[in-house]
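Student: I have a structure open and would like to learn how to read it, one feature after another. Could you take me through it slowly?

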Amino acid sequence: MMMSVTRSLSPRERAALDALLAADFGGAPELRSQAESVLASNDGMVVDLVVDRALPTATVVHRVPVQAVVDGADYDGGLILYVEEGRLSGLEYWWVTEDKPDDFPPASAVGRPVVAG
């Protein structure tokens with residue numbers, strides 16, 4: 001069995017996660033606690049998140065509890081946060097520009113988080 005290598009979030013990934021978790025929704029406090037030590041297990045525009053299993057799980061109603069629009073000079077699209085079994089599981093940046101972005105958007109391009117209803 002191959003173990004996946006984990007890494008710290010990049011500054012832009014961290015800013016995107018923090019922006020999404022700034023919203024108030026059921027389970028947000030537990031997810032914020034998980035985010036303090038979260039790691040990533042891959043690179044790209046869809047980042048798998050690895051959470052310490054000893055931390056409390058969150059009770060969330062939706063697998064995607066929050067998302068945000070991305071709108072900036074070179075960035076256009078959105079951010080999506082995924083939660084599975086009460087744990088942060090993924091962070092995705094999708095775009096509508098012709099060319100794939102080189103990195104997650106800067107915090108200045110991330111709009112107000114929208115909570116799933």
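Tutor: Let us begin with a term: contact means heavy atoms within 4.5 Å. Keep in mind that this is a predicted model. With that cut-off, and leaving aside residues up to four places away in sequence, L49 touches L9, V38, L39, L81, L88, S89, G90 and L91.

Student: Which residues have the most contacts inside the largest nonpolar core?

Tutor: The general idea is that in soluble globular proteins, nonpolar side chains tend to be buried together. Here the largest nonpolar core has 30 residues, and those with the most contacts inside it are L17, L49, L79, L81, L88 and F104. Two or more residues each are given to this core by helix 1, helix 2, strand 2, strand 3, strand 4 and strand 5, and the largest share, 4 residues, comes from helix 1.

Student: In what order do the strands of the open sheet lie?

Tutor: The open sheet has 6 strands in the order 1-2-5-4-3-6, with antiparallel pairing. Its edge strands are strand 1 (39–40) and strand 6 (114–115), each of which pairs on one side only. Strand 1 is joined to strand 2 (residues 46–50) in the antiparallel sense over 2 bridges, and there A40 has L49 of strand 2 as its bridge partner.

Student: What do the two helices touch when they pack on the sheet?

Tutor: Helix 1 (residues 11–21) touches strand 2, strand 3 (66–71), strand 4 (76–84) and strand 5 (87–95), and its direction makes about 75° with that of strand 4. Helix 2 (residues 28–35) touches strand 4 and strand 5, and its direction makes about 85° with that of strand 5.

Student: Which residues of helix 2 are buried, and why do they line one face of the helix?

Tutor: The buried residues of helix 2 are A28, L31, Q34 and A35. Seen down the axis of helix 2, they fall within an arc of 115°, so they line one face of the helix. Their cover includes helix 1, strand 4 and strand 5.

Student: How many residues of strand 4 are buried, and how is strand 4 joined to strand 3 and strand 5?

Tutor: Strand 4 is mostly covered, with 7 of its 9 residues buried. Strand 3 and strand 4 run antiparallel and are joined by 6 bridges, forming a hairpin with 4 residues between them. On strand 5, the antiparallel pairing with strand 4 extends over 8 bridges, and this hairpin has 2 residues between its strands, with E85 in the turn showing a positive phi of about 50°.

Definitions and conventions: Residues are numbered from 1 along each chain as its sequence is written. This is a predicted model: local features need pLDDT of at least 70, side-chain atom pairs count only at pLDDT 80 or more; totals for chains, interfaces and linings use all residues. Side-chain values use heavy atoms; hydrogens and water are left out. Two strands pair if DSSP finds at least two bridges between them. Axes are lines fitted to C-alpha atoms, for helices over the stretch in contact, and angles run from 0 to 180 degrees between N-to-C directions. A nonpolar core is a set of buried Ala, Val, Leu, Ile, Met, Phe, Trp, Tyr and Cys residues joined through side-chain atoms within 4.5 Å. Buried means under 20% relative accessible area, exposed over 50%, partly exposed in between (1.4 Å probe, protein chains only). The arc is that of the directions from the helix axis to the C-beta atoms.
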